[in-house]
Amino acid sequence: MLTTEARRFLTAKLDRRFDLLDVDGDGHLGERELDDLAVGIAAGFDVPLDAPTAVALRQAYGRMWSELSQLDADGDGLISRGQYVDVWLREAEHPGLLAELVRTCAEAVAAVAGAEGDFYEPAFVRLQALSGAHPDQGAAAFARLDSDHDGMVSVTQFADAYADFFSSTDPAAPGNALFGRIEP
């Protein structure tokens, strides 16, 4: 069971991510928004949509939407902020399929970004900007994830950080920096 403080911190992170995904600001997420994110990342790295890496990325986000859309109680094709936050809070307490899908999405993002085994800072900062983070925050996130200070973030480190973002209640977890500054 999450403590009140842990719940508040994790909710702040999830609210931040929801805000970045809800590009039209209507307070709901739909399948199109997740697909648009995948398409935007591919375009931002000049990867054609029919390239295997772009197809895999869109499929990964499609599978994520398929799981999230089960929250759509009224069948309107949308999920609210509250539903989004609630499902991730449950996932943090009892990791399951969504945790696996987060890693799959992170690995697919890395493949589109050309990170065969490692991210170098310019590609990582570009990815963060495409995900909605300010470029300065992307550089700060890179510095936190590059724990051995070798100028690279491995795909494994990136996937771990992505998973941390959605589930870790540790304020010092490097993944907390992925989508910009968190204001609890």
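Predicted model: local features only at pLDDT ≥ 70, side-chain atom pairs only at ≥ 80, totals over all residues.
**Exercise 1. Describe the chain as a whole: its elements, its dimensions and its surface.**

Solution. Step 1: count the elements. There are eight helices and four strands in the chain. Read from the N terminus, their order is α-β-α-α-β-α-α-β-α-α-β-α.

Step 1: compare the radius of gyration with that of a compact globule. For 184 residues such a globule would have a value near 16 Å, and the chain has 16 Å, which agrees. Along the principal axes, the C-alpha atoms fill a box of roughly 45 × 40 × 30 Å.

Step 2: consider burial and surface. Buried residues make up 46% of the 184 in the chain. The accessible surface is about 8800 Å², and carbon and sulfur atoms account for 52% of this area.

Step 3: consider contacts along the sequence. Of the contacts between residues at least 6 apart, 65% join residues at least 24 apart.

**Exercise 2. For the salt bridges Asp15–Arg81, Asp36–Arg32 and Arg103–Asp160, state which elements hold the partners and how accessible each partner is.**

Solution. Step 1: begin with the total. The whole structure contains six salt bridges.

Step 1: take Asp15 and Arg81, whose side chains meet at 3.4 Å, N to O. Asp15 belongs to helix H1 and Arg81 to helix H4 (residues 81-93), so this pair ties together parts that are 66 residues apart in sequence. Asp15 is partly exposed at 24% relative accessible area, and Arg81 is also partly exposed, at 29%.

Step 2: take Asp36 and Arg32, with an N to O distance of 3.5 Å. Both residues are in helix H2, four residues apart, which is about one turn of the helix. Asp36 is partly exposed at 34%, while Arg32 is exposed at 63%.

Step 3: take Arg103 and Asp160, where the closest N and O atoms are 2.6 Å apart. Arg103 sits in helix H5 (residues 97-112) and Asp160 in helix H8, so the bridge ties together parts that are 57 residues apart in sequence. Arg103 counts as partly exposed at 31%, and Asp160 as partly exposed at 32%.

**Exercise 3. Locate Asp46 and His149, give their phi values, and decide whether they are buried or exposed.**

Solution. Step 1: Asp46 is in the loop between helix H2 (31-44) and helix H3 (52-68). Its phi is near 55°, a positive value in a residue other than glycine.

Step 1: His149 is in the loop between H7 and E4. Phi of His149 is near 55°, again positive in a residue other than glycine.

Step 2: apply the cut-off, by which exposed means over 50% relative accessible area. Asp46 has 70% and is exposed; His149 has 67% and is exposed.

How values were computed: Residues numbered from 1 in each chain as written. Heavy atoms only, no water. Helix = DSSP H or I, 4+ residues; strand = E, 2+ residues; numbered from the N terminus. Buried < 20%, exposed > 50% of the residue type's maximum accessible area, 1.4 Å probe, protein only. Salt bridge = Lys/Arg side-chain N within 4 Å of Asp/Glu carboxyl O. Rg over C-alpha atoms; globule rule 2.2 N^0.38 Å. Contact = heavy atoms within 4.5 Å. Areas by Shrake-Rupley, 256 points an atom, 1.4 Å probe, with all protein chains shown as cover.
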